[in-house]
Amino acid sequence: MATLDAFASHYGDDATPFLSPRRVAERLGVTMSELAGLVGIARNTLASVKGGRKVDAALSPLVRILAMAAEMTGSDARAAIWFKHQPIPGWAGKTAYDLVGEGKGDKVLAYLESVRAGIYA
């Protein structure tokens, strides 16, 4: 099972202490432009070496969601599929991808915590 540390180290940038946007995008099967839109930062900032702290701050909530989903689904690949395609109950058919794109990553984390606690099945 994946943990946040394992997920973060797996998607970290080998040359810096920050997360690698390219690795996160590859895992999700999205372009760098789509990832930039998803986390709400400019595409150029996402690709910039100088934007490391800002990019890390933007990617961290997404990585936390994916790490928790991977722990619950049993693999990073299943977590990515869930993130992009599984509607979350109570959100009118919206997926975690949709909600994160709307700036509601905290709602996704709350839902996952509820599932983990056994509130939702």
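Is A92 buried or exposed? A92 is exposed, with a relative accessible area of 79%. Exposed means over 50% relative accessible area, buried means under 20%, and partly exposed lies in between (1.4 Å probe, protein chains only).

The model is predicted: local features need pLDDT of at least 70, side-chain atom pairs count only at pLDDT 80 or more, and totals for chains, interfaces and linings use all residues. Residues are numbered from 1 along each chain as its sequence is written, and side-chain values use heavy atoms, with hydrogens and water left out.

**View 1. The whole chain has eight helices and zero strands.** Helices (H or I, at least four residues) and strands (E, at least two) are DSSP runs, numbered from the N terminus. The order of elements from the N terminus is α-α-α-α-α-α-α-α. The chain holds 121 residues, and 40% of them are buried. Its accessible surface comes to about 6600 Å². Carbon and sulfur atoms account for 53% of that surface. The areas come from the Shrake-Rupley method with a 1.4 Å probe; for residues, only the protein chains shown count as cover. Contact means heavy atoms within 4.5 Å. Among contacts with a separation of 6 or more, 45% join residues 24 or more positions apart.

**View 2. The loop between α6 (76-85) and α7 (96-101) holds A92.** A92 has a positive phi of about 50°, although it is not a glycine. Most residues other than glycine have a negative phi. T95 is found in the loop between α6 and α7 as well. Is T95 buried or exposed? T95 counts as buried, at 7% relative accessibility. Neighbours within four places in sequence aside, T95 is in contact with F83, K84, H85, Q86, P87 and I88.

**View 3. Helix α6 has a buried side and an exposed face.** The buried residues of α6 are D76, A79, A80, W82 and F83. They lie on the same side of α6, because they cover an arc of only 165° around the axis. The arc is that of the directions from the helix axis to the C-beta atoms. The face turned away from this buried side carries the exposed residues R78, I81 and H85. An α-helix has 3.6 residues a turn, so residues three or four places apart point the same way.

**View 4. One aromatic pair is counted in this model.** Rings of Phe, Tyr and Trp (its six-membered ring) pair if their centres lie within 6.5 Å; planes under 30 degrees apart count as stacked, over 60 as edge-to-face and the rest as tilted. F83 and Y97 form the pair, which is edge-to-face, with 6.0 Å centre to centre and 75° between the planes. The pair links distant parts of the chain: F83 is in helix α6 and Y97 in helix α7, 14 residues apart. F83 counts as buried, at 0% relative accessibility. Y97 counts as partly exposed, at 22% relative accessibility.

**View 5. The largest nonpolar core has 34 residues.** A nonpolar core is a set of buried Ala, Val, Leu, Ile, Met, Phe, Trp, Tyr and Cys residues joined through side-chain atoms within 4.5 Å. Which residues touch the most other members? They are L28, L35, L62, W82, F83 and V108. At least two residues each come from α2 (21-28), α3 (32-39), α5 (52-73), α6, α7 and α8 (105-117). With ten residues, α5 gives the most to this core. L62, neighbours within four places in sequence aside, is in contact with V24, L28, L35, L38, V39 and F83.

**View 6. Helix α8 packs its buried residues against α5, α6 and α7.** The buried residues of α8 are G105, V108, L109, Y111, L112 and S114. At 1.5 Å a residue, the 13 residues of α8 should span 18 Å, and its end C-alpha atoms are 18 Å apart, which agrees. The expected span is 1.5 Å times one less than the number of residues in the helix. Just after α8, G118 takes a positive phi of about 90°.

View 7. G101 lies in helix α7. G101 counts as partly exposed, at 43% relative accessibility. L19 is in the loop between α1 (4-10) and α2. L19 counts as buried, at 9% relative accessibility.
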